[in-house]
Amino acid sequence: MKKRWGRQRLIFIMMVLSMIMAALFPSLASAEPPYTTFSKDGYNRTIPSQAAYYPFTVVGDNIYKKQMENGAERLEYSPLKRPQDLFIDSKDDIYIADTDNNRIVHLNKDGDFVREITAEGMKSPQGVFVTPKGVIYVADTGNKRILKLSSSGDQLAAYGRPESRFIDESFHYEPTNLVVDERGFMYVISNGSYQGVVQFDPSGNFYGFYGTNLTEVSLMDIVRKLLYTEEQLSRQVRTLPATIRNIHIDEQGFIYTVSATDKEQVKKLNIRGENQWKEKIFGIEPRFRNRGSSANTESADPKQEEQKSGLTDITVDRNGNLVAIDKVSNAVTQYGPNGELLFFWVGPVTIGSPQLGISQSPVAVDTNSKNELYVLDDSQNLIHVLKPTEFGMLLHEATTLSQEGKYVESEPIWQEVLRLNALYSPAYQGLAEAAFYKEDYKEALRLFKLAGDASGYSDSFWQLRLQWFQHHFTLVANLFFIALLVLLILNSRKKKLKWLHLKRAKVRNVLGRQKLLVQLKQAFTILRHPIDGFSDLRYHQKGGYLSACILLVLVALVLLMKEYFTSFTFMPVPSNERSSGFLIAIFVTWLTWVVCNYLIGSIRQGEARFKDVFVGSSYALFPIVILGLPLAAVSNVMTASEMSIYSFFETGMLLWCGLLFFWKIQSLQNYSVGETVANVFLTAFAMMIAWVLISIIVGLSSELQNFFYTIYQEVSM
């Protein structure tokens, strides 16, 4: 009995200790985040990852302000109401644009209420910015002005609608957000304005428009402009640039804008308004965009996957990493200082069951000095606070060191990141850069390939190739001179080697009696004399189905070997993802061409039989057999700097095949050049029609099969 009582006391003591540990060290006792974090490898494949941030707490949900009633002080609950913006200053104090309460809420770094700022007549403020000196700027949206306040909240200035001869009277000015640079210049976002960011000088005078988006023109817009009359065009809705949604400025003075565009969703603008990230792509894949709309992703409407990304706000942390929030998918995405994707997460939102760390309607984001994330939710009326995990802190530290060129210092940290996640591709990139910096080019070559960086792989190979030539130059030079000497000797003794010429002649006579070999040899004749060579296929029986099939098999083998043996520099695809599936598409396209070309030729009074079209189309692919393998072999000793040479020969090979197809039609169908061109276009059109019909038939047969299966199920019940 005493033994049992002692065991119960031990269990009780352990439970108490566990509770104390959970209270003192909540990060140790925290559960898994309620969302899944993803990253992308160097081959743009999305892979699950450890959480880089974990939910810590919420702030702004218990605001109580002091009120005087009958001479006594009391606390009154004053919750946020549809807040639209937040800003964290250099002291980590939090400022919230509490829009529907017509105020700015000031919280300290712990999230405790400090004060509310209500300048005279403030109405529906949607943006707030605080300078390092404590000066507060407010986008007073309801009054269509910018307020400049002192650190104590006193009004210093108010800037209304800009006045300038460059601004049209129809210009709609309704400031929603702003940033201020170190010179005191203000950059203001105006709701619905397509002209760009409104720029004011420190005195509040209009300075110009900044960072204007380009007009996105669709194919239909181009067609309308070509075909419509001026009157019809005047009735069309004008195509205008997309409006800018939000704005941010980092510690280096770069300004970032967020727009609802297909391209350049996030811009990194220098002082001249030039986008430094023109080629960067932001936002998550469509297949992840409906994950945040329902707890059950399987039942979500598939049409939601086509919805465009809804980036709402961005911020840049102390390490230069950019964080973006998406209101459509409730996704949080983080990018490195160069705009490369680090990771993103999407959590399922269940209406009526809020979860810590998952925003239902994120509208603003910011970070403090500890790189903690603060995500403002305008439906929950609070701020979610997320702290970096061990994985996230290591990743940020390693990224910063690599960005600063401290590759040796970053190497052990990248190795620790890989220990936590062996599939995290940016870690291989960091280790590859470290190996390249240490001149360990062989290791860098391996790591760059794992990272999917073809450019880094090429640079490493260039260094290895240079080292090889430096060590083996004497051997290469001697072999070259020996080969040249042998050629000169053979050329000088050419007349004395009559026995060799006689032997070659006998071999030619023997081979000349083999019909199949004669037909295969005709492929070389066609390369030199295409018009006469194709004519001989028909009129001199120098081509047949067997030889054509052999050539097709050779083409397939060469293309397959080219797929697997081309250098990573010229084909940055993982070895395990290179497959023979493309051969089916090529064969189907070729066979469709043969059938359609024969039918078009028959309609347009061509003279070629089906056999002629089939055999001729096979022989026209012979340049691939000649150049395919040499190209694959040469690619393994070339670098990206010789890409133009490689592309020249590869393009030349395809153009050669195209010309042979053209001459094949002209010769076998007995067409003129104009008739041949018409035949080519009609064949291409017929191929499109054939593919459409095949897809319709396949779709109908599938529906018919489902129909009969449904009837069978109903009858059998």
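Residues are numbered from 1 along each chain as its sequence is written, and side-chain values use heavy atoms, with hydrogens and water left out. Because the model is predicted, local features need pLDDT of at least 70 and side-chain atom pairs count only at pLDDT 80 or more, while totals for chains, interfaces and linings use all residues.

**Exercise 1.** Determine how the axes of H13 and H16 are arranged, and which residues make the contact.

Step 1. Helices are DSSP runs (H or I, at least four residues) numbered from the N terminus, and axes are lines fitted to C-alpha atoms over the stretch in contact, with angles running from 0 to 180 degrees between N-to-C directions. The axes of H13 (residues 545-565) and H16 (residues 622-635) come within 9 Å and cross at roughly 15°.

Step 2. Angles under 35 degrees count as roughly parallel, and H13 and H16 are therefore roughly parallel to each other.

Step 3. The crossing of H13 and H16 is left-handed, meaning that the near helix is turned anticlockwise from the far one by less than a right angle.

Step 4. Contact (heavy atoms within 4.5 Å) involves, among others, Leu551, Val555 and Phe565 of H13 and Phe622, Gly628 and Ser635 of H16. The residues of this contact divide into 13 nonpolar, two polar and one charged, where Ala, Val, Leu, Ile, Met, Phe, Trp, Tyr, Cys and Pro count as nonpolar, Asp, Glu, Lys and Arg as charged, and the others, Gly among them, as polar.

**Exercise 2.** Describe how H13 packs with H14.

Step 1. H13 and H14 (residues 581-603) pack at an angle of about 145°, with their axes 11 Å apart.

**Exercise 3.** Characterise the largest cavity and its lining.

Step 1. A cavity is a set of points on a 1 Å grid over the protein atoms alone where a 1.4 Å probe fits but cannot get out, and lining residues have an atom within 4 Å of a point. The count comes to two cavities of 30 Å³ or more.

Step 2. The largest cavity has a volume of about 90 Å³, volume being the space filled by probe spheres set on the points, which are joined across faces, edges and corners.

Step 3. Its lining has 13 residues, of which Asn330, Val332, Trp345, Gly357 and Ser359 lie nearest its centre. The lining divides into eight nonpolar, five polar and no charged residues.

Note on methods: 1 Å grid on protein atoms, 1.4 Å probe; cavity = no way out; pocket = protein on both sides within 12 Å on 5 of 7 lines; lining within 4 Å. Helix = DSSP H or I, 4+ residues; strand = E, 2+ residues; numbered from the N terminus. Parallel < 35°, antiparallel > 145°, perpendicular 65-115°, else oblique.
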